[in-house]
Amino acid sequence: MAIEKDEPLFDAPIPGMSLTHELGARPWQTPPQFVTVDEAIEYYMSRMATEEYMEQAVEVMEMGVPITTIANTMQMAGVMEGKHTIDVGILTMPLIMEMLMLIGDNADIEYDDGLSDLPDNKTSAAALNKVRNEMRERIDEVEDEEPMEEEAEPTSNEPTGLMARR
Amino acid sequence: MLNNPARQLYLNMDIEKLSEQEKPAPKGLLSPRNFMKKNTNTDDALEKPAYRVAQHMKILRQQREMLKNGN
């Protein structure tokens, strides 16, 4: 499932957007809760080791969301909540990915690690299934609406050729 | 535009070549002393956060491999 695409980023913040609020009002503008990488690692590992988190992570991974996307979202959320700084988040990301893979392996599910080469113009199986289902539904609708017209049988078998008897 | 650097970060963590942490030298009176012991780079590396992250990753990777091998 290709979620990450090289598309123009239209939802990027506009210049000066960060100045629309009072300085220090946002969590990421205040000193972070976890200053070092070790503290951030401890925070993530203890959070990810809970049963509740594991169940949610397995569900998301089964949906086909790449692990790279989940890890990036997690660390970005940490930055937004003021848990740690961006650089600490970037440093912890590989570890978050490894932990997610461990959770996936432990649950014995198939997951997309997101490490393969990015979009290779290959149609995903999910997209093909979707199209297949849509086509099947459309065919069923057409069959329900229009009963097959029986071909009109020729009424007579009289020869129509030029040399035929009249 | 690169929106998610996770793939590059993960692939750049070369944890396979991570050097083993040296065992602390015994401090007993009868233990051999290495006065002229060369200073290894391991101590410097330990101070780097990326190195410590790699060490944690290595532990998790080993756990995964153990799971795959059915241990």
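Leave out the residues up to four places away in sequence, and M45(A) touches L95(A) and M99(A). Keep in mind that this is a predicted model. Where does M45(A) sit? You'll find M45(A) in helix α1 of chain A.

Now look at how M45(A) pairs up with M99(A). In sequence, 54 residues separate the two, yet in space their C-alpha atoms are 7.9 Å apart. Is M45(A) buried or exposed? The cut-off for buried is under 20% relative accessible area, so M45(A), at 18% relative accessibility, counts as buried.

## α1 and α4 in chain A

The axes of α1(A) and α4(A), a helix covering residues 86-107, come within 10 Å and cross at roughly 25 degrees. Angles under 35 degrees count as roughly parallel, so that is the label for α1(A) and α4(A). Their crossing is right-handed.

Which residues make this contact? From α1(A) come V37(A), A40(A), I41(A), Y44(A), M45(A) and M48(A). On the α4(A) side you have V88(A), L91(A), T92(A), L95(A), I96(A), M99(A), L100(A) and I103(A). Sort them by class and you get 13 nonpolar residues, one polar and no charged ones.

The way α1(A) passes α3(B) is a right-handed crossing.

Who meets whom? V37(A), D38(A) and I41(A) from α1(A) meet P49(B), R52(B), V53(B) and H56(B) from α3(B). This contact splits into four nonpolar, one polar and two charged residues.

## Chain A as a whole

Time for the big picture. Chain A has five helices and zero strands, so its pattern along the sequence reads α-α-α-α-α. How much of the chain is buried? Of its 166 residues, 29% count as buried, M45(A) being one of the buried residues.

Chain A exposes about 12600 Å², with carbon and sulfur atoms supplying 54% of that area. Finally, take the contacts in chain A between residues at least 6 apart in sequence: 72% of them join residues at least 24 apart. The touch between M45(A) and M99(A) links residues 54 apart in sequence.

Notes: Residues are numbered from 1 along each chain as its sequence is written. Chains are lettered from A and ligands numbered from 1 in the order in which they are written. This is a predicted model: local features need pLDDT of at least 70, side-chain atom pairs count only at pLDDT 80 or more; totals for chains, interfaces and linings use all residues. Side-chain values use heavy atoms; hydrogens and water are left out. Helices (H or I, at least four residues) and strands (E, at least two) are DSSP runs, numbered from the N terminus. Buried means under 20% relative accessible area, exposed over 50%, partly exposed in between (1.4 Å probe, protein chains only). Contact means heavy atoms within 4.5 Å. Accessible areas come from the Shrake-Rupley method with a 1.4 Å probe; for residues, only the protein chains shown count as cover. A crossing is left-handed if the near helix is turned anticlockwise from the far one by less than a right angle, and right-handed if clockwise. Ala, Val, Leu, Ile, Met, Phe, Trp, Tyr, Cys and Pro count as nonpolar, Asp, Glu, Lys and Arg as charged, and the others, Gly among them, as polar. Axes are lines fitted to C-alpha atoms, for helices over the stretch in contact, and angles run from 0 to 180 degrees between N-to-C directions. Angles under 35 degrees count as roughly parallel, over 145 as roughly antiparallel, 65 to 115 as roughly perpendicular and the rest as oblique.
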